[in-house]
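Subject: The structure for you to look at

Hi,

Here is the structure I promised to pass on. Open it up and keep it beside you while you read my notes below.

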Amino acid sequence: QDWSGQHGASVVTNYPFSEQGAMEIDGEEITLPSVDNSQQTHHIQLWYSMDIASVTRARLQAHWNDQGSGKRKGAVCARVVTPVGINLYIWRRIGQYPAPHEKTPITVDIPSEFFSGEYPRTGTLLSVAESSPGECVKLPDGSLVETATFGNETAVVDCTDIVKNELAAGRPVFPDFRRLGDPCPGACKTLTVTLGADITTMARMPDDARLELGFEVGSGGGHWLKITEASLHVERAMTVLTANFLPSGVVLTTLSGETFATIDHLTADDPEELQAERIRGAVQDILGLGKGFRVIMSDTGRIVI
């Protein structure tokens, strides 16, 4: 497979490599608890929760049925949230609806966008902290920007023109003090961008995002939902790379020794956070968001990402 193409000025990727030499595929089957619930409500009850780091697809298999007669109302639902319960993708019903009267097998693919590595964010305020490596502001162009500042509660610098120019050139803007200025050296800073109108942008999925499965029984009296023999089939794709510093930059190689990418102007003396940010961005430019990978320093064995 040829991964060549244009992936940013600092990344050279004209190297064909074998996917088999770079990938570790981890498939697992997770046994889910049975559901036997008669709570009379359309409120979605939590069934199962798991992290989705590196998950590329998931499929639910089970048998289910309702109370056996009367109006049918049962449903299976899914969403993606942060560990503190902030919705990244809101609850949605998945698969057949409503539940059948008779015990019936179901096979449901979890929505693929849950594992895309991005989530939709709507508003007029974008905020990206230095403490979140790889996070950046991405917009179609700079005309949407009204103001942009970089700093914290003690001091900020106006970087509106820089942000507008970078976005107009088609480049994402990272919270980097070397590019935006440093009004409070040594302190954690945040890039804050105010937009002229509500727009929906795609933001990077947090590393600790979780998939939640839930169910609805239904209200009105006499409703019951049973789910048995349930399992979640999950596929995680992990690309394993090694990083080696050279005078010209960093070279990433696959497990079989093939060159995957080079990253110019990155040295062993650069801060580890910057190393991780640049390497993560280079790999994601090639693999795409939502793809699992691990990068290990060849000389020390330190896991960069």
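Let's start with one residue. Leaving out residues up to four places away in sequence, Ile227 touches Ser34, Val35, Trp47, Ala62, His63, Trp64 and Val76. Keep in mind as you click around that this is a predicted model.

Ile227 is also one of the residues with the most contacts inside the largest nonpolar core, along with Trp47, Ile110, Leu211 and Leu232. That core has 36 residues. The elements giving two or more residues to it are β4 (45–51), β5 (55–65), β6 (75–81), β7 (87–94), β8 (104–109), β13 (210–216) and β14 (225–246). Apart from it lies another core, this one of 19 residues, including Ala243, Leu266, Ala276 and Ile279. As a bit of background, nonpolar side chains tend to be buried together in soluble globular proteins.

Now zoom out for a moment. The protein has 17 strands and 3 helices, and 44% of its 305 residues are buried. Among contacts with a separation of 6 or more, 73% are between residues 24 or more positions apart. The accessible surface is about 14900 Å², with 49% of that belonging to carbon and sulfur atoms.

Which strands pair with β14? Here is what I found:

- β3 (residues 35–37) pairs with β14 in the antiparallel sense over 3 bridges, and Val35 stands opposite Ile227 there.
- β5 runs antiparallel to β14, with 9 bridges joining them; Arg59 is opposite His233.
- β15 is antiparallel to β14 too, with 6 bridges, and Asn244 of β14 faces Val251 in β15. A hairpin through 2 residues links these strands.
- β17 (residues 292–297) runs parallel to β14, again with 6 bridges, and Ala243 has Met297 as its bridge partner.

While you are at β15 (residues 249–254), have a look at Thr254, which lies in that strand. Is Thr254 buried or exposed? Its relative accessible area is 3%, so Thr254 counts as buried, the cut-off being under 20%. Thr254 and Leu241 are 13 residues apart in sequence, with their C-alpha atoms 4.8 Å apart in space.

There is also an open sheet of 4 strands, in the order β9-β12-β10-β11, with antiparallel pairing. β9 (118–129) and β11 (156–158) are the edge strands, each pairing on one side only. On average, neighbouring strands in this sheet are turned by 30° against each other, direction ignored. Helix α1 packs on the sheet, touching β10 (145–151), β11 and β12, and its direction makes about 115° with that of β10. β9 and β12 (residues 190–204) are joined by 11 bridges, and Gly123 stands opposite Ile199 in β12.

Glu166 sits in α1 (residues 160–168). Glu166 is buried, with a relative accessible area of 12%. Neighbours within four places aside, Glu166 is in contact with Arg171, Val173 and Arg179.

Last stop: helix α3 (residues 272–287). Among the buried residues of α3 are Leu274, Gln275, Ala276, Glu277, Ile279 and Arg280.

Conventions. Residues numbered from 1 in each chain as written. Predicted model: local features only at pLDDT ≥ 70, side-chain atom pairs only at ≥ 80, totals over all residues. Heavy atoms only, no water. Buried < 20%, exposed > 50% of the residue type's maximum accessible area, 1.4 Å probe, protein only. Contact = heavy atoms within 4.5 Å. Areas by Shrake-Rupley, 256 points an atom, 1.4 Å probe, with all protein chains shown as cover. Core = buried A, V, L, I, M, F, W, Y, C linked by side-chain atoms within 4.5 Å. Pairing = 2+ DSSP bridges. Axes fitted to C-alpha atoms, helices over the stretch in contact; angles between N-to-C directions.
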